[in-house]
Structures are given as C-alpha cells and as structure tokens.
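Please walk me through this structure, with the cut-offs behind each term given along the way.

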Amino acid sequence: MQALLVVFLMSVIVFFGVNVIGDPVHMLISPDADQADIEATIRRLGLDRPIWEQYLLFISGAAQGNLGNSFIFGEPALKLILHHMPATLELAFSALFLAVAVGVPLGLYAGLYPDSPLSKGIMAGSILGFSLPTFWVGLMLIMLFAVELGWLPSTGRGDTGHILGIETSLATRDGLSHILLPAMNLALLKISLAIRLTRAGVREAMGQDYVKYARAKGLSTRRIVFIHVLKNIMIPVVTVMGLEFGSLIGFSVVTESIFAWPGMGKLLIDAILQLDRPVVVAYLMIIVLFFVLINLIVDILYSILDPRVRLQDQGT
Amino acid sequence: MTDTIAPETPTQTARVETPFRRFAAEFFESRIATVALCLLGIIIVLALLAPWITPQNPYDLAQVDVLDGRLPPGSEAFAGYTMWLGSDGSGRDLYSAILYGLRISLSVGVASGIIALMIGMAIGLLAAYAGGRTETIIMRVVDLQLSFPAALVALMLVAILGKGIDKIILALVVAQWAYYARTVRGTALVERNKEYVEAAQCLGLSRLRIVFRHILPNCLAPLIVVGTVQTAHAISLEATLSFLGVGLPQTEPSLGVLIANGFEYMLSGRYWISVFPGLALLLTVVSINLVGDQLRDVLNPRLKK
Amino acid sequence: MTKVTTALAIATSLFALATTTASAEKLTIGLASEPTAMDPHFHNLGPNNAIAFHIFDRLVAQDEKQNLTPGLAVSWEPIDDLTWEFKLREGVTFHDGSPFNADDVICTITRAPDVPNSPSSFGAYLKGKSAEKVDDYTVHIKTAEPYPLMANDISTIPIISDGAGCNATTEEFNAGTAAVGTGPFKFGNYKPGESITMMRNDDYWGDVPAWTEVEFRPIKSGPSRVAALLAGDVDMIAGVPTTDITTLESNDDIQLSQGVSNRVIYLHLDQFRENSPFVKGNDGSDIKNPLMAQKVRKAISMAINRDAIVDRVMEGVALPAGQLLPEGFFGVSDKLEPVAYDPEGAKALLAEAGYPDGFQLTIHGPNDRYINDAKIAEAIGQMLTRIGITTSVETMPRSVYFGRASKGSPDGLPEFSFILVGWGAGSGEASSPLKSLVHTYDKDKGFGSSNRGRHSSAEIDAVIEEALRTVDDAKRQELLAQATEMAIENVAIIPTHFQVNTWAAKKGLEYIPRTDEYTFATGVVKQ
C-alpha cells in the first residue's frame, strides 16, 4: 500500500519533471521537415494537449499496465524496458558474485591479521576501489585487456544461451568472455565494500565471548573462523550486499554506456539524453517496484540466516 | 539564560578539551592519514588560491587561444607562459583548468554536503526527539530513500532538473540527506536516554535547549565521519554524472567535465588531457576517504581496545 | 609508447589473421548511432535510412556523391509540367519470392507518410504528390505545380512489398516478418541496442555483395568504438572521432577513408528583433541589435579564422566553408570562396558600423550534435572577443538546445541571438539549405522552417522560389548559385566549415566514403 503511494507520488513528480525540460519534437523530427510536419508530429505524440490531460491519460493507461509508447521506438515503454532487463540483471548478478567471491576472503584475511603488510595493502586497495571513478576504471580495463592484451572483447554482449529457460550470456563461452570486463568494472566498488564489511565484522567477532569460549574449548582457529565467525558476519554482509544490488543496477548505467552493454541502464541514459519521456517515467516506475521487491527478498534471506528473526515472526 | 547552566559548563568544557587532544594524537598515529590530511590541505589551498597562482583564467575567452590547443606538457603558450601540464582541445592550460575545476568540484561536494548535513541533522533530531508517529513516518521516508542508490536518485533528479551547478547540488542534497538523518537519529536516540539529559530535563531546561546544547554536540563525531565520506562520494558522483553528460555544463568545467572531455583523447596518445584531471580527482577523493577512514577508526569506540 | 604500439599492432594483426581465416565473408560494422526501428517508414532519420537501404531498394538511388542513379526505376522523366513518369525495373523479386511491380510502389507511397506513432514521417517528401499505376511497370506521379525535385524526393523512399509489408505494423517489421524488400541484403535479426544482422540476397538484381553476412553494432561512445576496432571486435567503424585520426593514421593495421559530407556548420544571427536578448552594450545595458547591420555581420564573418577551426579544433578533418554546400554539389556557386580571416579589417568595419568598442554577445550551441560542436563555439567566442565583441559561450545538450533555438522565447520565437548550427542537405543539392535556412520564415508555404535568424529578403526569396519551379537543370543550377551568392553577400548566414566524415577499417578493407554520411556494407571493398 505504501509502495503504491510512493509509486504514485513518483509518477507525478517525474512525469511533470521530465515534461518541463527540453523539447522532444526537435530531437525526433528530421531537419527537412517543414512547419506543418512538426505540428503533425506534436499532435501524433499527444504533446499538443495540456500537461494535466497528458498525465491523466498516462495514469489511466498505467492502471491497465500500459506505461505509454516510447517516442523514439514507437513501442510500449514497458516492453522496451523488460526487453533490456535481463542483460542488466545478469550483469548485476555477476558483479555481485564477483564482489562476494573476491571481497569476503580478502576481508577475512585483513580482519584476522590486521597488522600484516598484506592486510594493509588490501585495505589501501579497498580505499582506492572506493575512490576510483567507475567510468575511468572501465576505460582502463578496455585499454588493458581488450586493446593491448587482446584477451577479452571490448564491448557488447556476446552470444546468449539458455539456462533454465532464461536467455543469458552466462551460458556460452563467448557470452562469459563479454561479461567479464563490465562485471569486473561494476563489481569494483562492491568488492571494496565487501572487504571492509567482512573485515569489520571479523574484528568485532573475534573479540566476542563466544569466540573466546570456543577457543577455550580447544576448537581449531580454522573451525572457529569458518563455522562460527563467518556465519555471524555473513548476516550483515548479505544484508548490505542485497541492498547494494539495487545500487549495482543504478551504477550499471555508467558501465553499460562504456561497454555498450545493451541493458536498461543504457536505455535510461539514452532516453534521458534524447528526451524519450515515456521511457524515463516507465523506468522509474519499474525501478521503484523493483526496490520494494529487493527489500522483501533481503528480509526473507535475513530471516533464514538469523533464526532469531524467524522465531520472533512466528511468535507474533 | 546563561547563568542557569553555569554549574554545568566546567564539566562540559573539560570533556571536550581532553578528548580532542587524545583524538588528535590518535589521528596522527597513522602515517597514511597524516599524509592524506596534509595533501587534502594543500589541495584545498591550491583550489582557493587558483585565480592568483594560475597563468590563465580558463573561463575568460580573451585569455584562451584555440591555437594553443592540445599542446603536450611543458609547451610554451602563445601568451608566453609555460603549460606545465599541457593544454586541452580548446587551448586551456590544464594546470589552470584543473585548479579551477577543483574549485568547482570541491564547492559542489562541500556545499551539497553541508546543506544535506543541515537538513539531515534537523530531520534526524526531530525524529529522535519527537518520537511516536512523527518518528515512524520520518524513518519510513528515510529508509525508503536509503533503499534507492544515491547515484540513481541523483541521476533521476538531474534528468528532471536539467544541467547546472545549482541543480546538481540540489540533486546531491536530495540523494544524501537521509544518510545524515539516520546517523543523527541513531546517536540522538542513545543520548536521549542518558542520565545527563534526564538531569537537564529535571532542571526544567527547554526541549530545544537540550537538543542543541546537549544532544547535538554528542552527535558531531559520527556526523563528521559520515560527512567526510559523503563529501568524497558527492565529488565522485558529480564527476560521474558530468561524465555521463547529465551533470555540469561545459561552461562550468569541474574535474568530471575535464575528464569527460579528455575521455575523447584516451586512445589518441594525448594522455595528459584526461590523465591529469583524473589524477587530481583521484588524489582528492582518496585523501578525503583516508582521512574519513582514520576518523572512523578513532571516533568509533567499539574498535578501541 | 613504442612498446605499447607494437604490442597493440601485434594484438590487432593476430586477431585480424584469426578472423579472416575463420569467416572471410562476414562483416561486422560498429555504428555511431542506432536506428530506432526496422520499419523503413517509421522514422525519417539518418541511421534508420542507412539500415533500411540495405534491405529495401528505392525507385531512384543515390550514389556515394548523392548523384541520382537508377534503382527499382530504370528511368524517370517529366512527361508534362505536372506529371513525372517512372519506368520500373522488370524481373525483380522480393526476398519472399513475390515479384516487384507498380502495386508495391503505390502502396509504399500510401503508407510512407502515415505510419502510426512515427516520430518523424516521410510526409515532407510526398506532400502534394499523387501516384497512379499506368501499367505493371509504369507509375505516374503528379503534383499541383511544376516540381523539379521529384526524383530527389522519391530517392528517399524505401519500397516495401505490397503483400508482406504494406499493412504491417512497425513491430512486425522489427520482428522481421514484414521486413521484406528487394535490396542486396535480407533481414536476419534485430536486437535493439545490441545488433542488427542481415544475410546476402543471392538473387539481387544488381551487383551481389561480397559479404554473406553483415552485422551492425551500435557503439555510441567514440573511444569505445575505436577500441572495439583496435581489439578486432569489429571490422570497420563509422564516425571516427577527430581526436583519434592522427593515431589511427600511423597505425599500419588500420585503413582510414575520409570524405566531405553534405553538412555545413554555420552561424545564424538574430536579424528580426530590435532588441536581441543576448546582445548587450559593453556596460551590460540593452542596445539596438547591431546584428541587423550588414557591416557588423560581415565583420563577424571576417573575424572567424576558419583555417584555425579546421586545423586546430577539427584536427584538419574539415573544409573551410564559403557557401552552403561543398564544391561538386548541384547548385553551388563557383564564384564563392571562404571569407578570408582579417581581424584588422573586421575591427575597422565594426568601427564603421558605429561599434568601435564592440559590444557583448552570447553564442549558443549544442554540445552533442556535430563533430566538436562545443569546441567550435568556444573557438568562435575567442575570435570574436579578439575583435572587441566580448563573447560568452553557452552550450547545451541538443535535447534542450534545438527547442529553445527554434521557439524558446516567451512569444514562441527563436530564443537566442547568435547560434551555431549545422545543416545536412539530404537531397544533395543547394535548394535544401536555401529553402530552409535562407528563405523568409513562412509557415503556410513551409519555407524557412529552420531559419532561426529570420533573415528576410524578398529578392532572394524570389530567386529561390523560381529555382524550385524550374525543371530545366542548367537553368536551375544557375538560379540556385545566384541565390547562394546573394545570401552570402547579405551575410544572411555565416558558414564556417563543411564536416568531413571518417571511417576506419581493419587492414585489407576500405570504405568508399559517402557525402550523405550513410554507412553501407556494400561500400566496403576488399583491397
């Protein structure tokens, strides 16, 4: 219910907001067109009506699942976005996987041996990871791995295959080689985050009573770390990384434009630059729903990992 | 008014005085953080002094000559001075452009940081102090806002608002205020239940007074930490938006715009056009982050032995 | 640096070797801009037309210099003042095997101007024209007034199939079911934002292309596009950024092709307001619009160092312009040279016009539309400042710019005083810029639609209109040249340079450059 209210409010703000700047007609029309053609186009796109009337039309359409037609592609905006969504999702998932797979072990090490030079190197690296602008790193990755070394393709999405009926580039070798660089680029920030979260968690956990108790009981360090500490620190890590999934989708705008990755982030930035208002509005509607969903999933995951939350829920 | 709190003042000052010295000592324990702080100081001074220490005002078209375009570092400009960092495609001296760009980047970061801090602080305090329904509603909004990535919020806003320095500051404020609000509210909640607040309440001090004289000073430490990190974040976000072509216009070339302009030259062998502004951005953001990191370690009691 | 380049050279040559042996007949092209649909009549836009012309033929084609050549029509001529007769090619079949005849032409001409949701239709080219079928291979097109540009207009319309395409929606074209043409390539696959593939049409009536399969990949970011070529991901790219040309030239594994385009970059000056909003006195006060004075306009033109713009801003990849189309196009004047750079003369002329100390001016321009547009505006600002016209520069994204430049002021008139714009002559002859940029703004007749400076001269208008009624080519050429000369003499518009387009291909391939900026797979030849 609250989510619906938010979606509605957002629709008002964004709809009226995007309708203030620029003039989409001049973006679309061929320069050869004369005055009469321009007016015909304005009518065809419904831009001759007063803005509140346009909004009412939009809302009544939205209620029936129609978020309007893209000015540029002439197709339903919703269809366009859904069409571009899998590419973005697979990119974000790959980045998330990389972040956890790389970040957690490094963070674990840095947390267990805070004074070793390697740990200091890891932490310095994580600061760098935080600070380097994504777009800059993306370009460096292309320069290094695609242009100079020639190991990986520079841009685009490779061949796609099917896993469990979903079309994805993770299913083919060519697809995997295409996704590696953009996923790495997108993951960089999150790797740093995972390192820092894990390190902080480990440092805190190692000082706590249950670890001291386990040590006293004579459990091996390895067992303590991998069974007890890791299990405890995974909760905040999973929560934060889950929430960061949304930010991955947000940041994919940058990565997608550099790597010409045909996802919905690139669709959005193109729509903004070309004033394809229906697409901008529809993207926002979808993204709001999406975040509501992510929060829900994180809550569920959280309750699985932390039995106390589950017990509480059952109690009430 | 002043005499009513007279008995409290000595303890208050004593509490502030010694921790600060201890804090400074702890802060400078880390050599990296010390270097970062010095670097940051130098960067800020350079940015402030830009008009007096650069050979060219990159905004004044009378001083820029397209015939000076794309000169490598160390070349001599038409007007006679040496371009130590080379020039960009329009004939701007990069050293001058970077210092002026730093001014814009830093002011965008700091201005948005301060405004967001003020707003976030006010809302956070309100939530913590009002409690009840008001608190629930405010925190709902904060949570909601935080569930959206700042980058996306800022991107949507500039899409709606258009380009311009005021607009990007507004976008960054909207994208950031919730972080401050959450921080303040969290700390204020802890403070609210402490004895000295109860004592102050018993003394009959006004609510406003308690909030501003007692609760707020205690929230400052975490706010400073969040503030430094968020400022670095804001600078980097502005650069990203400008790079995507939705941030600042060409006429207000922040570091992000300079890098974006240099991006065209990446493969052309004229590395200096984007590398130097990139380095400047990197140094700025890294040093702020390093300082913030050390502040967090020093100010976070849980990590202290 | 040398180490880097050798490594790079080895990497690219290895890759080139690998691809040539693997599939010699497939061509991959990186495009700078993406088409918005596979429906050839949906959006009258360069990238769309370029792709459409691979799958669909036109009655009249344009060669790489935009000269008209026979396409699906073997001949065309006016049979009286108001009727043009097109004789169609016999024995041509569509990709689905159905024969091509007059019915396809008639249904195309009916559909093209009127596609639902079309953001920019082909209506402008078909306005006032009615087509009728005489027999299976003869079509007559009639107009209300004598119309010499019939074949030019018809050369923009891709012919679709009566059976498969005429009643189809844009979505059916995008899916491929309706994308049935007679062109050298057949529709393969369309993934928006990702790629467009097409297969060779082995039964093509003309020269069968050398490539069995062509893939187009839109890569909008310039450096990424160049990187894709260097990495061997694509065989050729369009729209090489001027900044990378020098490096690519020295790379032995890359072959560049360059050709001047039909696009002129020019300045429009406010010539219709007594007080122009972005012209101020030196103290910032309102003054009478000095741009009304021809001497001032002339001084501005003389103050612009066109060679410096070409050489420094465009890195040598442009031609200084003295008129509206480069040499070799129909209707250009052979008497006009680019105005010579003369800052002293400009200052003297300004003083003569009553502005010895100049005035303040703002130049507005786009920053994402033409090659290096923002930098050009800045350079012009510098040059004007040097003759005493204190100029500030404001550039903005085209999404904002063009709307404001056309009708951004409160009363719906052009908002700016002094603007940088470009014009590509789609018809490939001089009437296109003259009609739209120089002719008096006239909504009813459809003239001067992009005349944002609102220059107005009855004499020039008369010559342009006469040219547009003159069917005789030699006479029309003369009239167009005359109108151009008058416009330049009046300084109705200040042309600065013609854009030169650059394509880059891997070694062994070469692209035949086109003035219309289109990238055609058929134009890629093996050396």
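In chain C, strand 6 (residues 129–135) and strand 7 (residues 138–143) run antiparallel and are joined by 6 bridges, where strands (E, at least two residues) and helices (H or I, at least four) are DSSP runs numbered from the N terminus, and two strands pair if DSSP finds at least two bridges between them. The two strands form a hairpin with 2 residues between them, and Lys133(C) has Val139(C) in strand 7 as its bridge partner. This is a predicted model, in which local features need pLDDT of at least 70 and side-chain atom pairs count only at pLDDT 80 or more, while totals for chains, interfaces and linings use all residues. Residues are numbered from 1 along each chain as its sequence is written, and chains are lettered from A and ligands numbered from 1 in the order in which they are written.

In helix 3 (residues 35–44) of chain A, Asp37(A), Ile38(A) and Thr41(A) are buried, a residue being buried if 20 or more other C-beta atoms, placed from the backbone, lie within 10 Å of its own. These residues lie on the same side of the helix because they cover an arc of only 100° around the axis, taken from the directions from the helix axis to the C-beta atoms. The buried residues of helix 3 pack against helix 2 (24–28) of chain A together with helix 4 (123–126) of chain C. Just after helix 3 of chain A, Gly46(A) takes a positive phi of about 75°.

The contact between chains A and B takes 32 residues from chain A and 32 residues from chain B, with two residues in contact if their C-beta atoms, placed from the backbone, lie within 7 Å. Helix 10 of chain A gives the most to the side of chain A that touches chain B, with 8 residues.

How values were computed:
Buried ≥ 20, exposed ≤ 12 C-beta atoms within 10 Å, placed from the backbone.
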